[in-house]
Structure formats: C-alpha cells, structure tokens
Amino acid sequence: MSWEVHFDHGIWLPQIGWWLDAPKSTPRAIVTHGHSDHIARHREIVCTRPTARFIQERLPGRREFHVLPFGQTEQLTLDCTVTLLPAGHIFGSALVLLEHAVHGTLLYTGDFKLRGGCAAEACAMPRADVLITETTFGLPRYAMPPAPDTERAIVEFCRAALAEGVTPVLFAYALGKSQELLRLLDAAGLPVAMHPHAARFARLYAELGNAMPAHRTLDTQGHRGHVVIAPAGDASLNYIHPKRTAAVTGWALDTHTRYQLGCDAAFPLSDHSDFNELLAFVDGVQPRTVYTVHGFAREFAATLRQRGLDAWALGKGNQLELSL
Ligand SMILES: [Zn+2]
C-alpha cells in the first residue's frame with residue numbers, strides 16, 4: 001500500500017481525509033505557513049503557533065486550531081500521526097511529516113528554504129517514503145548567488161542612495177521577507193521605515209517571541225533618512241521623492257524582472273530553495289516517490305526522473321507524460 005495524493009486547488013490525502021495548504025475552505029487542513037496563497041477558512045486547522053496567529057490576522061473568524069510545537073508528534077487519525085518540523089521559509093513555517101501504519105511516511109514541504117535566513121528557523125530534512133515538494137525555482141538557471149554577497153549589495157544600494165539624499169525603497173513581501181530585511185538593515189546600522197502591512201507582521205513576530213529591531217512605521221513624514229520597506233507597486237508610495245527602488249526576490253535572477261516591476265535594481269534574495277537546494281533536499285529525504293507542486297513542477301519532476309527517481313508533477317497533465 002502507498003499514499004494516494006490528489007490535487008484539486010490544494011493537496012488532498014483521501015486515505016486520511018485531510019488537506020494540505022488548500023487555498024479554498026475545507027473541513028480539515030494542515031497549513032504549513034501564513035502566506036495568503038496557502039491559507040483559507042478551514043473548519044479545523046493543524047499548524048504552528050505563529051502560523052495560527054498569521055491566519056487569524058489575515059482571515060479573522062472562528063475555527064478550531066490544533067497548534068503543534070516543532071518536533072511534537074500527535075495522533076491525526078487512528079492510523080496516522082503528524083509532526084511539524086521547521087521549513088526555513090518564514091517564521092513558523094513547517095514541513096509536515098505524516099507517519100501512517102499502513103502507507104508509510106509522507107513529507108510535505110510547503111514552501112521551504114534550506115540555506116539559513118535571519119528571521120526563520122533552520123530547515124529540517126527528515127527521511128520519508130513519499131515526498132511532496134514545492135518547486136518554485138525548479139530549473140537549473142535558478143541558482144541563487146551566496147546570500148552574504150546579495151545582502152552586502154542591498155546594504156550598499158541603500159547606503160549610496162541615502163548618501164545622495166535619495167530614499168531607498170525595497171519592495172518585499174509584508175510577511176517574511178520584510179522582517180528578514182529589517183534584521184539585515186539594522187545589523188548594518190541603517191534606520192528603517194516599514195510599510196504599515198509589514199510593520200503589523202513585525203509586531204506579531206515580536207509578540208510571538210521573535211524580537212524585531214527598532215523601526216518606524218511609514219507615514220507621509222517618516223521616511224527621510226530611512227530605508228523604506230514596502231510591498232511591490234504600492235501606489236501610496238508616490239509621495240516619496242526622490243527615491244530609488246529595488247525588488248528583493250528570487251525572480252531577480254530573470255533579468256526582465258527589474259524592468260517588469262519598473263525598479264532601479266533587483267536583488268535575488270529568496271525565501272525559497274533554489275534548484276540546487278531542491279536537489280539536495282530530495283537527496284537527503286531519500287524518498288521512493290516524489291510529487292512536485294508550484295512553479296516548474298513538470299520540469300523538476302522530469303529532472304528527477306532522469307536521475308532515476310519516480311517523480312510526478314501534481315495536477316500538471318502527467319497522463320500525457322505516462323503515455324509517451
Ligand atoms: Zn510562502
């Protein structure tokens with residue numbers, strides 16, 4: 001017997017009756033982290049404490065949370081236990097390890113990052129029979145440069161702008177990337193003004209025990225002499241003048257990203273594993289079967305098959321590939 005894995009706007013495990021990260025409301029879901037494309041109004045949710053807090057912030061309402069600390073194993077059904085382990089993507093983000101009496105072990109990554117960050121827990125790498133992995137950067141061309149080099153370049157970009165009396169504006173996700181940048185800039189001695197959305201999540205990080213450096217919340221007066229961190233393309237930033245903008249995203253490896261976003265610069269600092277980390281993770285988990293999801297899922301599954309693994313993209317027309 002093995003795990004049955006279905007994909008229908010989220011990953012469905014019919015043998016245990018639970019969904020993984022479904023972006024639509026379901027009776028029961030395990031949620032790996034608080035990004036909006038991974039959450040929905042489920043009736044029952046298994047997740048970490050930070051993720052529960054982020055879900056309530058984004059989707060207020062009544063629901064039943066089963067909050068699990070990292071590494072604590074709980075019975076999920078009669079035959080199956082669940083353990084959440086750090087995923088290194090954002091604060092509180094989890095890998096999901098399921099251990100079934102009949103079907104063996106299944107590991108689901110959610111979004112994950114192997115290399116260390118400064119505001120998320122270090123990623124675990126347990127062994128499992130079946131691996132469901134995200135493949136956002138599942139092509140060889142997505143090889144991130146060493147993070148310290150990128151971080152240095154970001155700090156230099158900000159320092160140069162401030163020295164010229166220009167406000168540097170870094171575009172980043174409000175949850176996760178913004179807090180990483182705040183830590184980085186604070187360590188470099190640069191004052192930061194955070195967009196209210198990012199400041200709200202920085203406050204939640206602190207409430208949850210992940211203390212954040214001092215910063216001010218962006219207002220119409222409060223940006224001079226500061227590095228501004230804000231979500232990309234926020235029209236409310238028009239009053240900041242003069243400014244120099246930079247996108248902080250793994251997609252910066254695509255040279256057109258900078259032009260598409262209309263930024264002066266783009267820095268490839270990502271919360272996701274790059275191609276080589278995806279391969280290293282698969283090697284470490286040593287699964288019998290791999291399912292890929294998000295981004296270059298088909299391409300990465302094909303790469304794994306070339307390496308002799310049983311690997312399939314979820315919801316991506318594998319029927320066609322099987323018939324070839
Ligand atoms: Zn995410």
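How far apart do the C-alpha centres of domain 1 and domain 2 lie? The distance between the C-alpha centres of the two domains is 29 Å. The structure is a predicted model, in which local features need pLDDT of at least 70 and side-chain atom pairs count only at pLDDT 80 or more, while totals for chains, interfaces and linings use all residues. Residues are numbered from 1 along each chain as its sequence is written.

Domain 1 covers 6-141 + 272-323 and domain 2 covers 147-267; these bounds come from an automatic or database domain assignment. Domain 1 gives 17 residues to the contact and domain 2 gives 13 residues, where two residues are in contact if their C-beta atoms, placed from the backbone, lie within 7 Å.

Helices (H or I, at least four residues) and strands (E, at least two) are DSSP runs, numbered from the N terminus. Strands pair if DSSP finds at least two bridges between them. An open sheet of six strands has the order 14-13-15-12-16-17, with parallel pairing. Strand 14 (216-217) and strand 17 (265-267) are at the edges with a single partner strand each, so one side of each has no neighbour in the sheet. Strand 16 (residues 243-248) runs parallel to strand 17 and is joined to strand 17 by three bridges. Within this pair, alanine 246 is opposite alanine 265 of strand 17.

Helix 3 (residues 177-187) packs on this sheet and touches strand 12, strand 13 (192-194), strand 15 and strand 16. The direction of helix 3 makes about 165 degrees with that of strand 13; axes are lines fitted to C-alpha atoms, for helices over the stretch in contact, and angles run from 0 to 180 degrees between N-to-C directions. Helix 2 (residues 147-163) lies across strand 12 (167-171), strand 15 (227-230), strand 16 and strand 17, at about 145 degrees to strand 12.

In helix 6 (residues 275-285), the buried residues are Phe275, Glu277, Leu278, Phe281, Val282 and Val285. A residue is buried if 20 or more other C-beta atoms lie within 10 Å of its own, with C-beta atoms placed from the backbone. Viewed down the axis of helix 6, these residues fall within an arc of 165 degrees, so they line one face of the helix; the arc is that of the directions from the helix axis to the C-beta atoms. They pack against strand 10 (104-108), strand 11 (130-135), strand 18 (289-295) and helix 7 (297-306). Glutamine 286 follows helix 6 and has a positive phi, near 55 degrees.

Definitions and conventions:
A residue is buried if 20 or more other C-beta atoms lie within 10 Å of its own, exposed if 12 or fewer, and partly exposed in between; C-beta atoms are placed from the backbone.
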